[in-house]
Amino acid sequence: MKTYKIDLIPGDGVGIEVVREGRKALEKLGAMADVKFEFNELPWSCEYYLKHGVMMPEDGLKILDDCDAILLGAVGFPGVSDVVSAQNLLFPIRRGFDQYVNMRPIKLLPGLVSPIKNDKIDFVVVRENSEGEYCSEGCITEDPVKGKKVIQNSIFTQLGTERIMRYAYEYAVKHGKTKVLSATKSNALKYSMVFWDEVQEQVKKDYPQIESSKMHIDALTGKFIMRPDDLEVVVASNLFGDILTDLGSAMLGSIGISPSGNINPTGEHPSMFEPIHGSAPDIAGRGIANPMGTLWAVNMMLDQLGEHALADALMDAMCAVLVAGKIRTPDLGGTSSTSEFGDAVCAALK
Ligand code: IPM
Ligand code: MG
């Protein structure tokens with residue numbers, strides 16, 4: 001029997017509640033399909049940090065490295081600074097495993113109602129996930145006149161920028177898409193985004209069949225709302241992609257809907273899947289978080305593992321529950337709990 005080793009990092013807050021539903025769906029799929037998912041649940045979180053002084057053990061990456069995929073809930077909780085949880089767990093995994101692509105589909109599934117008028121929404125954001133504005137370099141100095149002077153660097157390398165651009169174009173070709181739109185801000189960021197545009201100019205030459213364009217990030221947020229039907233593949237830097245995808249998920253009705261695949265395209269290290277939402281301390285522990293983002297992340301994980309039939313089965317089950325319309329979490333105007341939604345999806349699996 002085919003066996004996959006899945007490492008689970010539920011993390012903090014609602015992360016724990018939604019990963020439980022992701023695991024349940026994998027267990028049910030495994031039982032139905034003669035595939036075995038072996039889980040290794042890791043307690044790495046802010047709670048772990050308060051006990052041990054670290055978000056994960058020193059050999060954390062070594063522990064994760066032999067699994068087939070990682071499912072993460074969310075990290076961050078009051079009592080531990082957000083910068084600590086991200087810098088000591090999320091980014092070390094994304095960077096350490098060279099998960100340089102952060103794939104974020106934004107698609108209005110059947111049964112969902114978009115808060116915006118133009119509801120032809122079906123595109124992907126290919127977010128750079130290893131450098132850019134998230135490079136974690138900078139310094140604090142002193143300006144003789146203005147006082148404290150804080151510098152936050154951005155790093156855009158030829159390799160880092162070219163590989164994400166190329167991934168976006170390759171994705172377009174493989175998935176029968178016709179356009180790639182790059183998110184830029186080269187009118188204001190005279191080094192980083194001017195270079196970003198130059199790399200797009202180089203790379204697009206290899207894809208004459210794909211319509212290439214770029215748009216400044218401010219105008220692009222407007223386009224997301226006004227003309228989402230015109231979007232197919234959006235390629236964006238780390239920070240721009242982060243912002244655009246919260247907007248994208250909100251366009252589907254809730255931040256709880258969208259998934260995210262931190263992909264290592266070479267397969268040299270495992271990829272990590274997670275909902276795009278955070279740990280939501282305001283609703284944590286109440287059992288009302290929407291598990292859709294996690295279930296969709298599991299769908300992406302199954303696709304990446306090559307289990308396409310299982311991935312489709314999970315997506316079909318989720319759509320069936322949405323179309324039936326009875327079971328919805330409060331963020332979508334319903335009264336169902338996290339586990340009621342998860343159970344309904346499991347019951348609809350065929
Ligand atoms: C995301 C999150 C993270 C990010 C945070 C928690 C650092 O917002 O995955 O989108 O900015 O990458
Ligand atoms: Mg985000």
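This is a predicted model: local features need pLDDT of at least 70, side-chain atom pairs count only at pLDDT 80 or more; totals for chains, interfaces and linings use all residues.
User: Which residues are around ligand 1?
Analyst: A residue counts here if one of its heavy atoms lies within 4 Å of the ligand. The shell divides into four nonpolar residues, no polar ones and four charged ones. Its members are A86, L90, F91, R94, R104, R127, Y134 and D242.

User: Which helix gives the most to the shell around ligand 1?
Analyst: Residues 82-96 form a helix that supplies four residues to this shell. That is the top contribution, and the helix is α4.

User: What distance separates an oxygen atom of ligand 1 from a polar side-chain atom of D242?
Analyst: Polar contacts are pairs of N or O atoms within 3.5 Å. The side chain of R94 has an N or O atom 2.7 Å from a ligand oxygen, and for R127 the corresponding distance is 2.8 Å. For D242, the distance from a polar side-chain atom to an oxygen of ligand 1 is 2.8 Å.

User: How much of the area that ligand 1 exposes when taken alone does the protein bury?
Analyst: Taken alone, ligand 1 exposes 320 Å². The share of this area buried by the protein is 74%.

Definitions and conventions
Residues are numbered from 1 along each chain as its sequence is written. Chains are lettered from A and ligands numbered from 1 in the order in which they are written. Side-chain values use heavy atoms; hydrogens and water are left out. A polar contact is a pair of N or O atoms within 3.5 Å; within protein, one must be able to donate a hydrogen and the other to accept it, and residues adjacent in sequence count only if both atoms are side-chain atoms. Accessible areas come from the Shrake-Rupley method with a 1.4 Å probe; for residues, only the protein chains shown count as cover. Helices (H or I, at least four residues) and strands (E, at least two) are DSSP runs, numbered from the N terminus. Ala, Val, Leu, Ile, Met, Phe, Trp, Tyr, Cys and Pro count as nonpolar, Asp, Glu, Lys and Arg as charged, and the others, Gly among them, as polar.
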